[in-house]
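Here are my notes on the model, as numbered points. Have the viewer open while you go through them.

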Amino acid sequence: MTAPASSVLDAVVSTLADAGVTHVLGVPDNTSGLLFHALAAAARPRVIIVTREGEAFAMASGLWLGGAAPLVLIQNTGLLESGDALRGTAARMGVPLPIVVTGRGYPKMERHGIDRSTPRTRDLLVRADVDSVALLTEPTLDAWAVPWSMCRPGDDVCEAIRHAVSAAYEQERPVALVLTAPLA
Amino acid sequence: MLTRAELLEPLVRHRTDQVMVTTMSVTRPWGRLSDSDLDFGSADSAMGHTADLALGIALARPERTVVCLNGDGSMLMTLGTLATAVSTGATNFVLFVVENGSYEITGHQPIPGAGRVDFAALARAAGFPRVFRFDDARAYAAAVPDILTTPGPTFVHVLVERGSEGPISRTEAEEARYLRSSLADWSRTMRRALTA
């Protein structure tokens, strides 16, 4: 399938290649889908779509063992699925692994004035007008001891990716970038 | 049905520069027979994620065969990796499922579908072009050189007798060298060996 033309997508693909990323592994969502198309059309990095997000962390750790420089690209729902895979492979092995997490549910959270300081009560978690995955993304990354940063609408996506890649290699551990900025 | 020794000794005999990735009940037995920087024991790691980790190594090092000795219970946890392995076209990937029908490490509780799940059939359905099934030690030993050298991806389903391996640690008390350091330290040892 041909990737739609987008200067942002092209810039992101170039940023990943220039940062030395050899493989991008993950499961597409509505935000990253166009980026997966753009990556598939590019010479590098190689894109590998997996069956479940936990698989991406184990495969990425194996790629790093073999000398490659992988990056995981998943939605925040898939991040929550990946707990033991992330902990038991990339984190336990000390793999310098940048993780780009597309953030589902953030616009609803922000519309309702909910932020990190808002208690995650039972009543909040069951509200139909709030997406619970956004409520749990940042607390989960904190609980799993994964350093993370945010890239919001208006931020420079390429600079944020470069920073996440550098941080992962400097710290020799998985480092996440939660992306709520659009990619196209 | 094969004994653990009948499973592992032909692999030791015919191995040259292949990467070996083990998990669960074959981790210690393999470490008693082999002492190589190209051995990786997926212990103190992520349960069920050995095959996908080994597949990653195979994709990074296409010039080298990567053999994964996975368990039957472990394979059931990540069946999707069968499809991923085929779709990536990793011709240097050899995935064993060592079937003993139980979670041996935790005391032989039966795995779901024990004795009914046909792992070789699952691999064929996922698209593996080379699939073997062995319950006879002599036939298996004769096939090992071909398994290790012919391009795949290759899937090898082996029926083995139950053993008595207990929980695995990563401490100095372990006999196998690849279990005597942390996962992070051993990962760097192996990465150096693979990228030298």
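This is a predicted model: local features need pLDDT of at least 70, side-chain atom pairs count only at pLDDT 80 or more; totals for chains, interfaces and linings use all residues.

1. On the α1(B) side the residues involved are B:E6, B:P10, B:L11 and B:H14, and they meet B:A137, B:Y140, B:A141, B:V144, B:P145 and B:L148 of α7(B). Sorted by class, that contact has eight nonpolar residues, one polar and one charged.

2. Chain A has a helix pair to set beside it. Helix α1 (residues 7-18) of chain A packs on α2(A) at an angle of about 60 degrees, with the axes 10 Å apart. A:L9, A:D10, A:V12 and A:V13 come from α1(A), and they meet A:L34, A:L35, A:A38 and A:L39 from α2(A). The tally for this contact is seven nonpolar, no polar and one charged residues.

3. Now the overall build of chain A. Its secondary structure comes to nine helices and six strands. The radius of gyration is 16 Å, close to the 16 Å that the globule rule gives for 184 residues, so chain A is as compact as a globular protein of that length. The C-alpha trace spans about 45 × 40 × 30 Å along its principal axes. Buried residues make up 45% of the 184 residues. Of the contacts in chain A between residues at least 6 apart in sequence, 76% join residues at least 24 apart.

4. How many residues does each chain put into the contact between them? Chain B gives 27 residues and chain A gives 24. On the side of chain B that touches chain A, the elements giving two or more residues are α3 (50-60), α5 (80-88) and α8 (183-195) of chain B. The most comes from α3(B), with eight residues. By class, this side of chain B has 13 nonpolar, 10 polar and four charged residues.

5. Two peptide bonds deserve a look. A cis bond joins A:R44 and A:P45, with omega about 0 degrees, and A:P45 lies in the loop between α2 (33-41) and β2 (46-49) of chain A. In chain B, a cis bond joins B:G152 and B:P153, with omega about 10 degrees. B:P153 is placed in the loop between α7 and β8 (154-159) of chain B.

6. Last, positive phi values in residues other than glycine. B:M24 has phi of about 45 degrees and lies in the loop between β1 (19-22) and α2 (27-33) of chain B. Is B:M24 buried or exposed? With 27 other C-beta atoms within 10 Å, B:M24 is buried, since the cut-off for that is 20 or more. B:H108 has phi near 70 degrees and sits in the loop between β5 (102-103) and β6 (109-110) of chain B. B:H108 has 15 C-beta neighbours inside 10 Å and counts as partly exposed.

Key: Residues are numbered from 1 along each chain as its sequence is written. Chains are lettered from A and ligands numbered from 1 in the order in which they are written. Two residues are in contact if their C-beta atoms, placed from the backbone, lie within 7 Å. Helices (H or I, at least four residues) and strands (E, at least two) are DSSP runs, numbered from the N terminus. Ala, Val, Leu, Ile, Met, Phe, Trp, Tyr, Cys and Pro count as nonpolar, Asp, Glu, Lys and Arg as charged, and the others, Gly among them, as polar. The radius of gyration is taken over C-alpha atoms; the globule rule is 2.2 Å times the number of residues to the power 0.38. A residue is buried if 20 or more other C-beta atoms lie within 10 Å of its own, exposed if 12 or fewer, and partly exposed in between; C-beta atoms are placed from the backbone. Axes are lines fitted to C-alpha atoms, for helices over the stretch in contact, and angles run from 0 to 180 degrees between N-to-C directions.
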